Amino acid sequence: MQFDGKVALVTGGGSGIGLAVARAITAQGGSVYITGRRQTELEKAAAEIGTQVFPIQGDVTRLDDLDRVYAQIEEKHGKLDTLIVNAGVAPFAKLEDVSEEHYDSIFNLNARATLFTVQKALPLMSAGGTIVLIGSVADAIGTPGYGAYNASKAAMRSFARTWANELAESGIRVNVVSPGPTETPMMAAASSEVRATLKSLIPLGRVGRPEEVAAATCFLASDQSSFIAGAELCVDGGMTQV
Ligand SMILES: NC(=O)c1ccc[n+]([C@@H]2O[C@H](COP(=O)([O-])OP(=O)(O)OC[C@H]3O[C@@H](n4cnc5c(N)ncnc54)[C@H](OP(=O)(O)O)[C@@H]3O)[C@@H](O)[C@H]2O)c1
């Protein structure tokens, strides 16, 4: 019960990896806020998880939504121990097809909203707090058709290095979990050709499960990783490691 008495926020906690992380934290005694744009998805997730889960509808690219989410956490629990920055998008476009809208939508969420989600959490966090950014192995490879996504995940990896330094004096640790291809709605939205190509690159011969990413995330979010900061833990079946 390593999250006993702890309060966590998982952005994009209504589906996929975020849902698995929220489930894992509550299973280990924590209280978890989940946020996302779709109210029905959040309510479905909350009903499935059961107790100690608090859905708050919100778009993390909107700073007033972030303020509202943190105000509700402050009012109910008065603190935040763990922040999981998970909300992300990965639309496909080859370089010649990248539009302003494509680029902006990816960087607005994966990079800009990541920064403000963390910045606005800080007043609720104190020594012993943990922040885990859900990055991607995409930060280190050049999968065709995902140039803007790959670069936005590299930005997240860079943020974690700086923030691990900046927040160390407050006793807050920042780390990154980088999944490889994982069976979620995001993965299901990719073409069968892209999915087959990605799968063929994984030494373990299969895509990951959200629960496997959640286990690594809980490790970095808990005291079990108390001497780990600024690190990236790849959960990718060896895809970028061998
Ligand atoms: N699946 C993979 O193969 C894979 C691999 C590497 C990294 N990742 C990363 O893992 C994270 C989770 O992705 P997933 O695979 O679990 O996909 P997913 O099921 O599509 O989850 C994405 C979540 O983000 C939420 N979201 C999107 N835009 C948002 C916004 N503006 N404000 C608040 N929430 C927002 C979505 O909810 P709403 O639509 O309701 O807002 C959804 O719950 C992402 O950061 C992704 O880049 C995934």
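This briefing describes the sheet, the helices, the ligand shell and several individual residues of one structure. The structure is a predicted model, in which local features need pLDDT of at least 70, side-chain atom pairs count only at pLDDT 80 or more, and totals for chains, interfaces and linings use all residues. Residues are numbered from 1 along each chain as its sequence is written. Helices (H or I, at least four residues) and strands (E, at least two) are DSSP runs, numbered from the N terminus.

**The sheet**

- Seven strands form an open sheet with parallel pairing, in the order β3-β2-β1-β4-β5-β6-β7, where two strands pair if DSSP finds at least two bridges between them.
- The edges of this sheet are β3 and β7 (232–235), each of which pairs on one side only.
- Neighbouring strands are turned against each other by 20° on average, direction ignored; axes are lines fitted to C-alpha atoms, for helices over the stretch in contact, and angles run from 0 to 180 degrees between N-to-C directions.
- Strand β1 (residues 7–11) runs parallel to β4 and is joined to it by three bridges, with L9 standing opposite L83 of β4.
- Strand β4 (residues 82–85) pairs in turn with β5 (residues 130–134) in the parallel sense, over four bridges; L83 stands opposite I131 in β5, and the bridge partner of I84 in β5 is V132.
- T82 and I84 point one way from β4, whereas L83 and V85 point the other way, and all are buried; a residue counts as buried if 20 or more other C-beta atoms lie within 10 Å of its own, as exposed if 12 or fewer do, and as partly exposed in between, with C-beta atoms placed from the backbone.

**Helices lying across the sheet**

- Helix α5 (residues 147–168) lies across β5, β6 (173–179) and β7, and runs at about 160° to β6.
- Helix α8 (residues 210–221) lies across β4, β5, β6 and β7, and runs at about 165° to β6.

- In helix α2 (residues 39–49), the buried residues are L42, A45, A46 and I49.
- Seen down the axis of α2, these buried residues fall within an arc of 100°, so they line one face of the helix; the arc is that of the directions from the helix axis to the C-beta atoms.
- An α-helix has 3.6 residues a turn, so residues three or four places apart point the same way.
- T40, A47 and E48 are exposed on the other side of α2, while the cover over its buried residues includes α1, β2 and β3 (53–57).
- Just after α2, G50 takes a positive phi of about 105°.
- Q52, in the loop between α2 and β3, has a phi near 60°, a positive value in a residue other than glycine, and is partly exposed, with 17 other C-beta atoms within 10 Å.

**The ligand shell**

- The ligand is surrounded by 30 residues, the closest being G12, G16, R37, G88 and M186; a residue is near a molecule or strand if its C-beta atom, placed from the backbone, lies within 6 Å of it.
- The elements that give two or more residues to this shell are α1 (16–27), β2 (31–36) and α6 (185–188).
- The shell divides into twelve nonpolar, 14 polar and four charged residues, where Ala, Val, Leu, Ile, Met, Phe, Trp, Tyr, Cys and Pro count as nonpolar, Asp, Glu, Lys and Arg as charged, and the others, Gly among them, as polar.

**Three individual residues**

- I73 lies in helix α3 (residues 63–76) and counts as buried, with 22 C-beta neighbours inside 10 Å.
- Not counting residues up to four places away in sequence, I73 touches V7, L9, Y33, L80 and L124, contact meaning that the C-beta atoms of two residues, placed from the backbone, lie within 7 Å.
- The C-alpha atoms of I73 and L9 are separated by 8.7 Å, although the two residues are 64 residues apart along the chain.
- P179, in strand β6, is buried, with 28 other C-beta atoms within 10 Å, and its contacts beyond four places in sequence are I17, S136, G208, V213, V235 and D236.
- The C-alpha atoms of P179 and V213, 34 residues apart along the chain, are separated by 6.4 Å.
- P203, in the loop between α7 (192–200) and α8, is exposed, with 10 other C-beta atoms within 10 Å.
- Leaving aside neighbours within four places in sequence, P203 is in contact with G237, G238, M239 and V242.
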